[in-house]
Amino acid sequence: MTTSDTSGPKAARLRRAARRAPKTVTGDNDNRDAAVIEEEPKADAAETEPGDALQPTRQRKRRPWHTPAEPPASLPAPAPYVPRHPFVALCYAATSVMIAITYGLGLNFVNANLTQVSGEFSATTNEALWLTAAYMAPNVSLSLLLVKIRAQYGLRRFAELAIIVFIVVNGLHLFTHDLGTAIVARFFAGVAAAPMSTLSLLYALECFPPERKMTMGMPMAMINIGLGAPIARLISPALLDLGGWQPIYLLEVGLALISLALIYTLPLSSPPKVKVLGFMDVVSYLFLAVGFGTLAIVLSVGRYYWWLEVPWLGWLLVASIVCLVTVAVIELNRKYPLLDIKWLLSPEILHFAGVLLMFRVLMTEQSSGISGFFQQAGLLNDQQTTLYTIILGATIAGGIACAAVLKPGREPAIHVVALCLMAAGAFMDSQLTSQTRPEQMYVSQALIALASSLFLAPALAMGFVNALSKGMNYMLSFVVVFLFTQSIGGLIGSAIFGTLVIIREKFHSAGIVEHLAMTDPAVAQRIAQLGGAYSHVLTDPVLRQAEGVALLAQQATQEAYARAYGDVFLMIAIASALAVAVLVLRMTWRQLGTLLRPATVAA
C-alpha cells in the first residue's frame, strides 16, 4: 500500500507535533544570560512506527543578539522614601554639596588655570588643551552606562566603588611630571568623575519627600552644579602659590576622602537589584562613547588648531558621525533598546533638547566669555576674586528663589524671567571696552548667574516627569538628552563663542590698523609716548620707536578683542530676547487654545 507525502500517517504525526511545539520569539536579545533550548518536534512514543528513528534533541545556546524568551526586566522604580530626622536630612544635603564641589573642582581647575598649567609642563597652550580634551572624551557619555550598572549591582556598592576609584585616580595626578602622563591621568579622571555628578544629584534628592524632590531637590542639585567654576577660580591662586600642580590635586584627594567617609556613613536608599545590562547594551555604548568622545575632542581643540587647517580634525568628525549613525541603526533594530531613538526624535523631546541646548550655549557668555576677555586684558584670577564671589552668591540665591516659586505649571513663566535676566546681563556686557575691569561687570554677571539657576531646575524637572510618565526605561534616553545638551552643548557653546570672537577680532583689527599711519601726527605722538617709557634703558631713538610701535600694536589688538567680545555678547543678548519672544508667543498660543477649547466643546 502506498501513501502520499501529504496525507499519510507520518505527515499527520508531524503536523500534530508542530502544533504542539511552543513558538519561539525572534529578534534581538540582550538582557538574559540563561541559554534558551529549542527542541525539534517529535512524535509521541505510541505513535512511532517501527523503523522511525527519533531525532535527538538539538540544543542551541542563545546568542547575545537574539531575543530572550520573556521580556527583559526594566529599570527598578526609585526606592521608597524613608523619613529622616531633619539633622540627618541636612547631613545628606551637605554630602551632596561636598561631592559636587569635589567633582566641580576637578572639572574646572585646569580650565581656570590653563596658562599656569601649560607653564608647569613647559607646554604650549594648544598642547595643554589636550588635558581638557582627554578629560571630556570619556566623561560626556559614561553616565549613560552607569544608570544600568548601578541598577544591576546596587546603588550602595556603586557609590562606594565610584568614590574609591575617584580617590585613586586623583592620587595618580600627584605622580605626573610631564604632559604625556598628565593627559593619561586626566583621561582616567574623566572616567572616575562621571559617577560623581550622579551621586551629587541622588544625595540632593534623597533628603526631600517625593512631593518636594522636583520643586526643592532639583534646584538644590542645580546650585551644586554651579558651584565648581567660581570656587575653582577663587581658591586656585592660593593653591598655585603653594607649589603649582601638586597642591591642587592634594586638595582634591582630601575632599574625595571626606566624601568617602560621608558616603559610607550616609548610605542612599537603594532600589532592588535588577539584571538589566546586556551584551548589546555594551556594544551600543561603545559606539556611543567613541562618537561622543571624538566629537568632544573636536569641539575642545578645533578653534585653537583652526577647523580647516589640520586634516585629523575632519577624520575625527567623520569617525564621530559614523559611530553615532551606527548606534542609531543598532538601537532602531532592537526590541529592547538602550536608547529609544523614536522617542528622542519626537517633536516634544526635540523641542525640550533644543531649549536646553540653546540655554547652555547662551551660558557660555559667563563660563568662557568673561574669563577669556579678562585673560586677553592681562588680568589673573586673583584680580577677579570679588567678581567670582558675587557669581557664587548669585548662583546660590537663584537656586533658593527657584525652590521658593517652582511648582508644576510655572516652568514657562520662570523660563521667561531667566531669559530676560540673561538678555539684560549680556546687553550690559556688550558695552565693554578695553578699559573695562571686573568692577563694571558685577551687576551683569550676577544677573546671568541668577538666570542660570532659575532656568535649569524647571527644565530638568519637566524632563524627569515626562520620562517617568513613559516608564523607567525612558530615563536612559532622558540621560542622553541631558548629557548632550549640557556636556556636549557646553563644548559647542565654547567652540561657537571662541570662533566668533576670533573672526570678529580679525575684522576689527583690520579696521583699526587701517587708520594707524605713521604720517598721522596723533599716531606718531602716541608712538613717541609709548617709546618714552624705555628712555631710561634704551638710548637709541630707533629702538625706542620700535618698542613704541610694538606697544601700540598690542593696544590695538586688545581693543580689537574688546570690540569682538562686545559683538558676541550683543549676539547673545539678541538671541536671548528672541527666545523670550518665541516663548511668550508659545505661552499665548497655549492659553488661547485652553480658552477656546471649552467654547468649542459646548458648541
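Student: Which residues do ring pairs link into a cluster with Phe497?

Tutor: Phe373, Phe374, Tyr565 and Phe569 are joined with Phe497 by ring pairs. Rings of Phe, Tyr and Trp (its six-membered ring) pair if their centres lie within 6.5 Å; planes under 30 degrees apart count as stacked, over 60 as edge-to-face and the rest as tilted. Keep in mind that this is a predicted model, where local features need pLDDT of at least 70 and side-chain atom pairs count only at pLDDT 80 or more, while totals for chains, interfaces and linings use all residues. Residues are numbered from 1 along each chain as its sequence is written, and side-chain values use heavy atoms, with hydrogens and water left out.

Student: OK, how many aromatic pairs does the structure hold?

Tutor: Ten. One of them is Phe373 with Phe374, a tilted pair with 5.2 Å centre to centre and 55 degrees between the planes. Tyr565 and Phe569 make a tilted pair too, at 6.1 Å and 45 degrees.

Student: Where do Tyr565 and Phe569 lie?

Tutor: Both are in helix H20, residues 541-602, four residues apart, which is about one turn of the helix. Helices here are DSSP runs (H or I, at least four residues), as strands are (E, at least two), numbered from the N terminus.

Student: Now helix packing. What angle do H10 and H11 make?

Tutor: H10 (residues 279-305) and H11 (residues 311-332) pack at about 155 degrees, with their axes 8 Å apart. Axes are lines fitted to C-alpha atoms, for helices over the stretch in contact, and angles run from 0 to 180 degrees between N-to-C directions. H10 and H11 are therefore roughly antiparallel. The classes are under 35 degrees for roughly parallel, over 145 for roughly antiparallel, 65 to 115 for roughly perpendicular, and oblique for the rest.

Student: And which hand is that crossing, left or right?

Tutor: Left-handed for H10 and H11. A crossing is left-handed if the near helix is turned anticlockwise from the far one by less than a right angle, and right-handed if clockwise. The contact of H10 with H11 has 20 nonpolar, six polar and one charged residues. Ala, Val, Leu, Ile, Met, Phe, Trp, Tyr, Cys and Pro count as nonpolar, Asp, Glu, Lys and Arg as charged, and the others, Gly among them, as polar.

Student: What's in the loop between H10 and H11?

Tutor: Trp306 is found there. Its phi is near 70 degrees, a positive value in a residue other than glycine. Trp306 has 26% relative accessibility, so it counts as partly exposed.

Student: How do H4 and H6 pack?

Tutor: H4 (residues 125-153) and H6 (residues 179-206) pack at about 35 degrees, with axes 7 Å apart. H4 passes H6 in a right-handed crossing, and their contact has 17 nonpolar, five polar and three charged residues.

Definitions and conventions
Buried means under 20% relative accessible area, exposed over 50%, partly exposed in between (1.4 Å probe, protein chains only).
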